[in-house]
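Here are my notes for your read-through. Please keep the structure open beside them.

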Amino acid sequence: MAELAYTARVNKALLSSHIGMNVRLVGKVTLVDSQRGTAQLEASDKGTVFVKVNPDSLSIYTSGPIVELVGTVNPDLSISELAGSVVQFGERFNMDIYNQTIETMQQYRYLWGPS
């Protein structure tokens, strides 16, 4: 059985400690620029995150308010989305509870991260 790669769940505040790493981010889509292939998301901690969108998943960003993506954190703290990694969460996802979960996971990283 192949081992799955670990991807940390992050909010905006945690991006700076994950530069060059793959992460998971849940955010509310606030702006999509299809000409530039970018999206702006409001992360669970209310911070703004810019995403370089894979062209194949652009329609997911425009069809739902909350998405989860997997991508690589760039030095400018934007995220380059990995192909096929975006999931729509719909409208009823509670971002505040999710952010509390991320903060708790940071307190107990040894339970969630690679050993």
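Which residues form a nonpolar patch on the surface? Point 2 takes this up, after a word on the model.

1. Please bear in mind that this is a predicted model. Every value below is computed from it.

2. The surface patch consists of Y108, Y110 and L111. It is nonpolar, and its residues together have about 380 Å² of accessible area.

3. Y108 sits in the loop between α2 (95-107) and α3 (109-112). Its relative accessibility is 37%, so Y108 counts as partly exposed. The buried class needs a value under 20%, and the exposed class one over 50%.

4. Now turn to strand β5, residues 66-73. This strand is mostly covered. Of its eight residues, seven are buried.

5. β5 pairs with strand β2 (residues 22-33). The two run antiparallel, and seven bridges join them.

6. E68 stands opposite V87 in β7.

7. What joins β5 to strand β6 (residues 79-81)? Three bridges do, and these strands run antiparallel. T72 has S80 in β6 as its bridge partner.

8. β5 and β6 form a hairpin, with five residues between them. L77 lies in this turn and has a positive phi of about 70°.

How values were computed:
Residues are numbered from 1 along each chain as its sequence is written. This is a predicted model: local features need pLDDT of at least 70, side-chain atom pairs count only at pLDDT 80 or more; totals for chains, interfaces and linings use all residues. Side-chain values use heavy atoms; hydrogens and water are left out. Patches are made of residues with over 30% relative accessible area and no salt bridge: like charges are joined within 9 Å, nonpolar side chains (Val, Leu, Ile, Met, Phe, Trp, Tyr) within 5 Å. Accessible areas come from the Shrake-Rupley method with a 1.4 Å probe; for residues, only the protein chains shown count as cover. A salt bridge is a side-chain nitrogen of Lys or Arg within 4 Å of a carboxyl oxygen of Asp or Glu. Helices (H or I, at least four residues) and strands (E, at least two) are DSSP runs, numbered from the N terminus. Buried means under 20% relative accessible area, exposed over 50%, partly exposed in between (1.4 Å probe, protein chains only). Two strands pair if DSSP finds at least two bridges between them.
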